[in-house]
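Biologist: Hi! Could you walk me through this one in plain words?
Modeller: Happy to, ask away.

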Amino acid sequence: MSDTSQTSSWSYASAPENTDHIVLKEQYDLFINGEFIKPDSKKYFKSINPATGEVIASISEANKKDVDLAVASARKAFTSWSKIEPKERAKYIFRIARMIQERAKEFAIIESIDGGKPIRESRDVDIPLAASHFFYYAGWADKLEYAFPNKNPKPLGVAGQIIPWNFPLLMAAWKIAPAIACGNTVVLKPAETTSLTALKLAEVIQESGLPKGVVNIVTGAGKTGSEIVNHPDLDKIAFTGSTQVGKLIQNSIVGTQKKSTLELGGKGANIIFEDAAIDQAVEGIINAIFFNQGHVCCAGSRLFVQESVAEIVIDKLKDRMSSLIVGDPLDKNTDIGAINSKEQLDTINKYIKVGREEGGEIYQPTCNLPSNGNWCPPTLFLNVSQSHTIVQEEIFGPVLAIQTFRTIDEVIEKANNTPFGLSAGVWTEKGAKIFKLTQELNAGVVWANTYNKFDSTSPFGGYKESGFGREGGLHGLIAYLNVE
Amino acid sequence: MERLDVLKTYKIFIGGKFPRTESGRYFKVEDNNGKLLANMCLSSRKDFRNAVVEARKAQKSWQSASALNKGQILYRVAEMLEGRKSQFIAELMMTGLSKQKAKEEVEQSIDRLIYYAGWSDKFQQIFSSVNPVASHHFNFSVLEPMGVVSVISSNESALLGLVSTIVPIIVGGNTCIVLSSENNPMVSISFAEVLNTSDLPHGVVNILTGKRKELIHHFASHMDVNAVSYCGEHDEEIQELEKVSVENLKRVRINRGTNWNEDKSQSPYYIERFQETKTIWHPNEV
């Protein structure tokens with residue numbers, strides 16, 4: 001085992017991002033029909049900075065009447081939006097992409113303040129990908145007949161979209177961009193702990209001159225979400241979140257004409273063979289599980305190491321974990337930011353407790369965690385097997401469960417033995433092995449010698465209980481179209 | 001003395017064998033004059049579960065059979081059906097189809113088999129993509145079969161409906177368990193005999209006869225079934241199917257009022273409906 005004390009001799013001077021130019025309102029209203037309006041409920045809830053526990057702003061809680069109004073304005077807007085010339089539709093969406101790029105830094109900082117993710121990730125991953133998603137789908141608006149030849153693609157109508165808190169702006173982009181490019185209008189609800197960048201996006205949308213009512217953003221928690229799901233005048237529900245809630249949603253739209261796409265949970269297997277480039281693989285494993293504090297549906301949370309290299313891989317992992325910097329999300333050196341909410345921290349801690357109780361051997365490096373806010377050190381578990389709770393269930397935090405294997409067939413069997421099927425990773429320098437594994441792993445996304453990569457052109461989505469439908473790429477269009 | 005006809009015993013088709021239903025139950029099929037045509041197996045939940053085991057066992061190797069091989073096997077099925085055309089026409093006529101209609105149904109079924117046999121090594125190229133990602137990676141998306149599919153086959157179109165539903169499912173590498181037409185189940189078991197003499201691996205197609213009312217719930221609730229295909233317009237059945245499918249998020253595909261005689265009732269999209277998209281990334285920078 002490596003000596004963690006040596007890391008204390010290395011320290012980085014803090015490099016906090018400057019927040020002076022960030023302007024946030026004290027109170028945010030709902031974005032309906034192109035205007036910011038006060039909620040009928042008259043209720044507001046607080047958005048908390050998870051790194052400090054401080055209140056950042058008050059956010060409206062939309063009730064049934066508010067959702068009704070949003071859906072009605074989207075319905076009204078659909079009539080004209082679905083009929084304007086597709087090339088004009090494209091230009092509006094290109095414009096939104098550009099405006100996000102112009103304000104990228106502002107979006108990145110707010111994303112980190114509101115959600116707790118390291119600024120390096122908001123700056124280099126979330127915001128650029130969100131902008132490129134709008135840019136990508138903008139271009140599809142006037143080319144849809146080439147995506148579905150002889151199928152006469154037509155928009156569905158009004159889509160209700162519910163997104164999670166792990167990639168707030170990016171998920172909003174994944175939902176809104178393809179929907180409006182295909183000529184639909186939307187009512188989007190961000191997660192209650194991370195509404196701010198969606199509301200900033202509403203400002204951009206307002207400034208872009210997008211026709212009123214094409215995009216409506218209502219804020220609130222689960223109750224608001226269920227008002228959307230159960231609204232009779234929606235044609236489509238798109239949801240990203242837990243498998244449990246996904247099933248509830250699917251259940252409640254049975255017998256209606258609503259279409260759905262669900263992007264749900266995962267328990268990604270990350271497989272490292274003895275012939276892998278070990279140092280690269282270790283870096284990849286770290287990125288697979290600790291990226292965004294492990295708040296990633298496709299996180300590589302189950303590591304399978306071939307027995308012959310298990311010792312060296314685990315040593316190197318522990319060593320690397322001890323050099324990860326946990327702390328201020330706004331510091332450019334930070335590797336692991338704040339856990340998104342107190343509630344989520346409790347969930348993660350519950351799983352860590354269960355992991356210990358079931359006999360798992362835990363390792364956590366010594367870190368100086370800030371006294372306020374929600375924090376969890378990077379964590380790994382050894383001595384666990386397929387039957388352990390922390391191997392089976394999605395934790396959605398920086399907790400890695402490690403198992404070893406001997407043969408290819410054994411590891412394929414173990415990797416696939418889960419109700420989920422979202423993602424997997426393979427590390428080996430042998431080409432044939434890569435192709436065998438990528439073919440046989442039951443997952444919608446397989447990363448070989450890399451992990452947690454995303455792109456607007458690349459379809460993303462799961463097999464089995466990780467949901468259905470794809471987001472990104474040509475394949476992401478069909479979720480928002482009727483074809484003959 | 002006049003020669004006594006030998007009547008055919010219709011059983012069910014599971015894992016390449018023709019067992020009787022384990023339940024020991026039967027239901028009668030009669031012609032328009034009320035004359036008994038056959039005592040069909042009234043399949044049970046247990047029969048269905050046995051069939052799922054066989055379908056699952058067969059799935060992986062069927063999926064990895066080459067596209068060329070799968071295409072040739074389906075072509076072979078067409079050849080076998082062509083050779084037994086008169087038997088199928090006679091069987092359809094027994095249950096009330098005119099000679100002309102029966103002939104059309106059998107011929108269209110053969111042609112549909114050929115149509116999908118030809119798609120076997122082509123559909124992947126229509127739906128796959130290389131995705132031009134902005135980072136230094138080679139990234140592509142391919143289709144893969146969903147796995148095991150349960151099929152509630154067309155009631156009205158006993159042979160053509162059956163062929164049109166299951167062939168696009170299996171050509172894509174899935175295996176299936178089918179509940180045949182309730183009104184006219186005999187032809188489905190004769191079709192099983194065709195399949196069984198066509199080099200189709202055991203378990204790829206399993207065919208049960210019986211009652212929708214009894215079996216639909218199990219077809220949709222089984223946790224080792226990945227998708228369900230339904231033919232019909234019965235709202236309550238569809239709702240039930242959708243509801244119980246949620247438990248393991250089965251993919252539900254409804255063929256509502258599809259007229260299988262039409263040309264538009266065949267297309268590669270019928271194959272794609274039972275495929276998942278898998279996306280693969282690899283760095284391309286040294």
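Biologist: How many residues does helix H6 of chain A have, and how far does H6(A) reach from its first C-alpha to its last?
Modeller: H6(A), residues 168-181, has 14 residues and reaches 20 Å. That is close to the 20 Å expected at 1.5 Å a residue, the expected span being 1.5 Å times one less than the number of residues. Helices here are DSSP runs of H or I with at least four residues, strands are runs of E with at least two, and both are numbered from the N terminus.

Biologist: Is H6(A) mostly covered or uncovered?
Modeller: Mostly covered: 14 of its 14 residues are buried. A residue is buried if 20 or more other C-beta atoms, placed from the backbone, lie within 10 Å of its own; 12 or fewer makes it exposed, and in between is partly exposed.

Biologist: What follows H6(A)?
Modeller: Gly183(A) does, with a positive phi near 100°.

Biologist: Before I go on, what kind of model is this?
Modeller: This is a predicted model, where local features need pLDDT of at least 70, side-chain atom pairs count only at pLDDT 80 or more, and totals for chains, interfaces and linings use all residues. Residues are numbered from 1 along each chain as its sequence is written, while chains are lettered from A and ligands numbered from 1 in the order in which they are written.

Biologist: And what are the scores?
Modeller: The model has ipTM 0.95 and pTM 0.96. For chain B, the mean pLDDT is 97, with 100% of its residues at 70 or more; pLDDT is the predictor's confidence in each residue, from 0 to 100.

Biologist: Switching topic: how many residues does each chain give to the contact?
Modeller: Chain A gives 31 residues and chain B gives 24, where contact means C-beta atoms, placed from the backbone, within 7 Å.

Biologist: Which element gives the largest share on the side of chain B?
Modeller: Strand S10(B), with eight residues. Strand S4 (137-145) and helix H9 (235-245) of chain B also supply at least two residues each, as does S10 (275-283).

Biologist: Which strand of chain A is joined to S10(B)?
Modeller: Strand S18 of chain A, residues 445-448, is joined to S10(B) by three bridges, and they run parallel. Strands pair if DSSP finds at least two bridges between them. Within this pairing, Val446(A) stands opposite Ile280(B).

Biologist: Last one: what domains does chain A have?
Modeller: Domain 1 is 27-264 + 463-482 and domain 2 is 266-448, with bounds from an automatic or database domain assignment. Their centres, taken over C-alpha atoms, are separated by 30 Å.

Key:
Two residues are in contact if their C-beta atoms, placed from the backbone, lie within 7 Å.
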